[in-house]
Amino acid sequence: MIAPAPSLNEAFAVLGLHGPAEQAAVTRAFRLAVKSARPEQPGGDADRFRRVIAAYRLIQSVGPARPALAAPVQRPVALPVVGLTPLQALAGARTMLRLGDRQLRVHAPAGMRTGEYLRLRAAATDGSDLYLPVLIRAADGLAAMGDDLYMSWPVPERLLADGGRVEIETHAGLRGAWVAPGLTDPVRLRLRGLGLPARGARPEGHLFVSLKPSGDAPSAAEDLLARFTRVWTPDRLAA
């Protein structure tokens, strides 16, 4: 069952939009978001896939709306997309883009979201500004939707049944969390403040971690032993 988005504003945020937009922009944002969220794709997630579809249906049920902000005037068609990985969106990145027979060096500041535009001052052939659409593509085990990041982490099946502490390797380092016993799949944890950084009117996002039962995942004891052996080398033990 597809759960409806809590509000229209939330529906736009799920698609990576700031607010009401023209139908073409909504459709384009939906296609990008649903493609990234497909469960069979790397970094995809079934729950996020359902949320994207529910958000699009909610927006469609309201009908076309006037953009909250005027679209950039004289924006060229068929502009190159500024494709970023979630890690590049977290820290900012420099990249090269081709526009016709020109190579453009662009800098994307940290915290850009899918659906935003990167402004290049006086970069058009007539001296006007260029507005390049931004797309955060799933990579390195991470996917971005709105302000938030998503990832999966393997855990022993027994941990989900009995509960306990899980250690998760995130982009910000090792993070621990407690899992209550008896939870059924899917189990998702929210790590606050580990999503995309705050930027402008956009708040700091969170990192959502889907725990995937795996027979290959080390138990808590095995994980502690592996971490111990990495730290306590023979030289340190002999000291």
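This is a predicted model: local features need pLDDT of at least 70, side-chain atom pairs count only at pLDDT 80 or more; totals for chains, interfaces and linings use all residues.
In which helix does Arg-158 lie? Arg-158 lies in helix α5, which covers residues 157-162, where helices (H or I, at least four residues) and strands (E, at least two) are DSSP runs numbered from the N terminus. Residues are numbered from 1 along each chain as its sequence is written, and side-chain values use heavy atoms, with hydrogens and water left out.

Arg-158 is exposed, with a relative accessible area of 66%; here buried means under 20% relative accessible area, exposed over 50%, and partly exposed in between, with a 1.4 Å probe and protein chains only.

Let me turn to the sheet. Four strands form an open sheet of mixed pairing, in the order β6-β7-β11-β10, and two strands count as paired if DSSP finds at least two bridges between them. Strands β6 (143-145) and β10 stand at the edges with a single partner strand each, so one side of each is left without a neighbour in the sheet.

Strand β11, residues 207-213, is mostly covered, as five of its seven residues are buried. With β7 (residues 148-155), β11 pairs in the parallel sense over seven bridges, and Pro-154 stands opposite Lys-212 in β11. With β10 (residues 187-191), β11 pairs in the antiparallel sense over five bridges; in β11, Leu-207 is the bridge partner of Leu-191, and Ser-210 is that of Arg-188.
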